[in-house]
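Dear colleague,

Please find below the structure for your review.

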Amino acid sequence: MDDLLRDFLMESAENLGRLDNDLVDLERRPDDPTPLHSVFRTIHTIKGTCGFLGLSRLELLAHSAESVLDLLRSGRLQVRDSLISDVLASVDRIKHILDVLEQTEAEPDGTDADIVARLDVWLDSVPDARRPTPFEAIAAISSYAEETPVPERQSVTPAPAVAPVGAESDNTSPAVDATDAGPDHRTHLADSTLRVGVGLLDELMNLVGELALSRNQLIQLAGANEQSEFVNPVQHLNRVTTDLLDAVLRTRMQPIGNAWTKLPRVVRDLAAASGKQITLSMHGAETELDRQILQAIQDPLTHMIRNSADHGVETPEARRASGKTDGGTIRLVARHEGGHVIIEISDDGRGINVDSVRRKAIERGLVRADAAAALTDAQVLRFIFEPGFSTADKVTNVSGRGVGMDVVRSNIEAIGGSVELHSEHGRGTTVRIRIPLTLAIISALLVGTAGETFAVPQIGIVELVRVTEEQRHLVELVHGAQFYRLRDTLLPLVPLHTLLRLETTSPSETSSIVVCQVGDTRFGLVVDEVFDTAEIVVKPIGRLVKHLQAYAGCTITGDGRVIMILDPAGVASMATISSRSSAERDAQEEAEAARRTADDATETVLLFDAGYEALQAVPLAVVARLEEFAADAFEQADGQYLVQYRGSLMPILPANPAMQLTAVPSRPVIVFSDGQRTIGLAVEAIRDIVEDQLRIERRAQRPGVLGVCVIDGRATEVIDTDHFLRTAFPDWHRHVPSGDAATHVPHVLLVDDSRFFLGLLAPALRTAGFSVSTATSGDAALARLDAGERVDVLVSDIEMAGLDGYSLARAIRTRPQHRAVRLVALTTRNSAEDRALGVSAGFDQYLPKYDRDTVVATVRNLLAPEQAAA
Amino acid sequence: MTYPASGRGSTATLSEYVTFRLANQWLGIPVDMVQEVLMAQRIARVPMAPTAIAGFLNLRGQIVTAIDVRSTLALPARDPSDGVMNVVVRQDGELFAFMVDDVGDVVAVNDDALEVTPATLDARWRTACQGIVRRDDDLLLILDVQAFLRLDHTA
């Protein structure tokens with residue numbers, strides 16, 4: 001292909017990509033001259049270059065479009081939808097001609113009379129707007145060249161019949177521009193940019209990858225002998241290679257905006273076709289990511305934007321009917337977060353009707369009816385990602401394209417990303433995509449277990465813990481599952497050799513725990529050895545082992561060995577500790593789910609024996625640690641048992657008053673802490689950790705017991721940790737700094753449909769110096785407020801039957817008399833979208849459930865300015 | 001050494017096959033699918049992989065999936081003292097090393113000589129083979145690489 005033609009095609013493709021957006025911008029902001037000028041320049045350049053290359057069909061078409069744009073520029077025509085549609089039609093035709101040009105190097109046969117005629121209508125609507133066609137203009141120039149005398153159109157000022165509109169403002173005479181716009185433009189580009197084929201970049205990447213491997217190998221060889229004269233050169237090679245790798249990686253980085261260029265047009269066309277008003281607002285277009293990933297997300301992105309426009313945003317009438325503004329908004333946001341790129345697509349449309357999805361899932365046999373009723377909304381929404389789960393007809397009542405969210409999910413997951421969907425019926429849908437920055441090279445930790453070496457991506461690693469023989473006791477074995485006491489939490493452990501069914505010849509003396517974070521879940525991967533960190537080149541694993549969840553890929557080490565790269569998310573899901581359980585697994589758990597009621601989530605409960613007939617239970621979330629103390633560790637003072645624990649004295653209370661603490665050589669102790677106070681509860685034996693719902697069936701008479709619930713089919717007493725804290729520190733509440741308590745005791749209204757949590761939180765807030773009242777539903781809470789209960793802070797659960805937390809917050813926020821009430825949301829759903837939803841509903845704070853200290857601290861902080869003023 | 005084409009018609013074209021042996025059976029793979037033949041290699045095993053997947057080997061920086069063909073075709077395991085050869089096959093841009101007992105000559109076979117795999121053959125073998133060639137003193141099974149790769153390698 002002719003070099004000139006190739007340059008022209010490349011340049012035009014770039015410019016046209018921008019053009020769609022500019023036109024859509026123009027339509028939205030008709031008074032802003034920037035997009036208009038940009039559009040005009042693009043068309044103008046194309047037209048000019050066409051003349052140069054003798055592409056007459058393209059030139060005529062571009063000329064017509066340019067004439068109309070020129071009238072817009074001079075203000076003689078006003079921006080109108082229909083006008084923009086006609087200009088867009090001409091742009092599409094130009095693209096088509098360019099496509100054919102690229103394939104055949106010749107303009108296609110055919111005529112553009114249809115489009116030119118449509119554009120002419122606009123031209124004719126303005127008197128004297130006709131400009132000379134390029135041929136006429138060229139003729140004028142050539143005659144100018146021949147007959148030195150100045151042509152009349154330049155000498156005579158008022159020459160409306162021939163003079164192009166706007167000619168006085170700049171040199172829009174087409175033929176003249178054709179000669180100087182082209183070369184001028186090229187020098188600009190050549191100064192700072194060079195076009196490089198993508199194939200070459202990929203090859204470069206591969207070569208640098210190989211170089212990095214050789215480098216690793218050399219480092220190993222040179223490292224073996226420190227006296228070697230190779231040490232310095234190898235170190236230098238190492239530095240250079242690292243920089244080179246980085247630079248090559250950067251050549252592959254592109255702003256994500258490149259994948260967005262088509263989207264405004266997609267939205268605009270869909271909106272125009274369906275009579276909707278949709279604004280697409282894009283943020284973070286400059287966020288960079290690897291070209292390979294950019295390509296992979298292009299289709300899923302378009303797909304989801306189309307979904308939002310087609311199925312999400314409603315017609316103006318429908319929006320008005322539900323009290324929204326006529327125009328809907330689709331927000332597209334990208335940002336870096338750690339080594340990942342987060343992309344969020346949200347709309348303020350009709351949302352997804354969870355019940356319809358539920359019905360559909362039952363119809364399709366994805367879940368049994370009784371189990372479906374027990375699934376949370378979030379779990380139900382995951383069915384949308386099931387293959388063949390068309391939401392088009394039933395769910396959104398809009399017929400149209402199949403949604404194919406399963407394809408979106410598999411595309412995203414194929415590049416190591418994840419996708420989550422959150423939707424609120426009537427309020428909109430948010431899809432959140434998390435993808436890695438690059439696929440090619442990652443930083444990894446090399447670990448060994450059972451004689452095999454594995455790489456763990458650094459991105460998923462939070463910390464490393466070395467467990468020596470002496471620290472072995474920190475590993476708790478509960479009901480076959482291992483936990484490690486890491487500071488104030490119990491970390492679930494996944495021994496790698498068990499997970500991968502490796503045979504260990506001899507258990508190693510020491511082991512290491514690689515603490516991994518996947519989503520909101522943390523777990524410890526237990527390995528024998530931790531070797532080193534390395535930059536590794538990720539190689540895909542073949543199709544025959546691709547189904548293995550445990551691996552993200554493989555790599556070649558410095559000494560030429562192939563090692564597997566572990567995928568923490570896959571490992572978590574294999575070990576079934578992932579909080580993001582798939583819809584399939586939820587369906588399998590239906591037997592268990594059937595026992596639950598629709599609005600009660602399960603939680604992890606520690607069961608222990610306190611010498612009572614019934615087992616005792618306490619939510620694991622409030623347990624700081626499990627300890628075991630020898631009988632001689634217990635000291636008696638001030639009528640209380642104490643042990644020396646972490647540099648201070650910790651009161652020990654027997655879980656049962658009848659218990660003889662020192663009767664056994666060593667005694668298990670459950671440690672609770674509320675931040676400032678720590679106590680140990682001495683028990684007979686720790687029995688189990690189970691997942692179950694805590695539904696208090698009966699209030700208890702005995703102090704220290706919140707109530708009785710059924711766990712694992714047995715009546716179990718749930719203990720009141722606050723009772724024990726109060727017993728150990730009887731004067732505690734007097735020390736609580738509650739400001740000038742005499743003048744004003746802040747009042748907290750606690751809303752939760754779980755009596756258990758009311759029972760857990762209310763005492764904690766009371767001991768913190770607040771007066772507390774409780775309500776078990778959003779409706780009840782609202783009724784109390786409306787009845788005039790003076791509330792300073794309302795702390796509410798989100799998922800409740802009837803009026804849920806969001807609706808409650810919105811209802812309160814619409815009542816001016818409750819303006820002063822501070823709202824705190826408490827929930828197990830703690831993703832960024834959830835928080836955003838909470839904030840938009842009117843919550844001042846959004847907190848994870850089960851963290852009593854934070855709740856108390858937050859309530860205190862919210863009231864702090866008030867108390868200072870009092 | 002090249003076996004003479006044992007076809008009946010002389011007009012048919014000749015196809016070339018790389019031959020290899022599993023126990024006493026000789027098999028052939030179209031020569032244009034074979035990239036190279038390697039001696040025994042260091043193979044990194046992949047925990048949890050199907051049993052017939054011996055692991056990955058590093059062929060000049062490229063990852064090759066090694067398949068123990070005996071295992072996939074449900075033959076008894078190879079005696080550890082016997083040698084092993086790798087026939088490196090490229091399929092859909094991916095490299096596979098077929099671990100076999102021995103590699104023989106490249107033979108040219110008249111396309112007409114290719115007969116339908118007998119129905120009496122074990123189901124696995126029948127799926128994995130696209131035909132059979134009668135030779136003077138034995139039978140040569142022609143492997144259908146694509147079908148072979150699709151077999152269950154968990155055998």
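A salt bridge is counted where a side-chain nitrogen of Lys or Arg lies within 4 Å of a carboxyl oxygen of Asp or Glu. In this predicted model, the side chains of Arg543(A) and Asp92(B) form such a bridge, at 3.6 Å from N to O. By that rule, three salt bridges are found across the interface of chain B and chain A. On the side of chain B that touches chain A, the elements that give two or more residues are β4 (53-59), β5 (62-68) and β7 (94-100) of chain B. That side of chain B consists of 13 nonpolar, six polar and four charged residues. Between the two chains, four residue pairs are in polar contact, both residues being at pLDDT 80 or more.

As to the extent of the interface, 23 residues from chain B and 24 residues from chain A take part in the contact. About 1900 Å² is buried between chain B and chain A, and carbon and sulfur atoms give 66% of this area. Pro47(B), Met48(B) and Phe56(B) supply 31% of the area that chain B buries against chain A, more than any other three residues.

Chain B also contains an open sheet of five strands with mixed pairing, in the order β3-β6-β7-β5-β4. β3 (34-38) and β4 of chain B are at the edges with a single partner strand each, so one side of each has no neighbour in the sheet. From one strand to the next, the twist averages 30 degrees. β4(B) and β5(B) run antiparallel and are joined by six bridges. Gly55(B) has Ala66(B), in β5(B), as its bridge partner.

Yours sincerely

Terms used
Residues are numbered from 1 along each chain as its sequence is written. Chains are lettered from A and ligands numbered from 1 in the order in which they are written. This is a predicted model: local features need pLDDT of at least 70, side-chain atom pairs count only at pLDDT 80 or more; totals for chains, interfaces and linings use all residues. Side-chain values use heavy atoms; hydrogens and water are left out. Contact means heavy atoms within 4.5 Å. Buried area is the accessible area (1.4 Å probe) that two parts lose on being put together, summed over both. A polar contact is a pair of N or O atoms within 3.5 Å; within protein, one must be able to donate a hydrogen and the other to accept it, and residues adjacent in sequence count only if both atoms are side-chain atoms. Helices (H or I, at least four residues) and strands (E, at least two) are DSSP runs, numbered from the N terminus. Ala, Val, Leu, Ile, Met, Phe, Trp, Tyr, Cys and Pro count as nonpolar, Asp, Glu, Lys and Arg as charged, and the others, Gly among them, as polar. Two strands pair if DSSP finds at least two bridges between them. Axes are lines fitted to C-alpha atoms, for helices over the stretch in contact, and angles run from 0 to 180 degrees between N-to-C directions.
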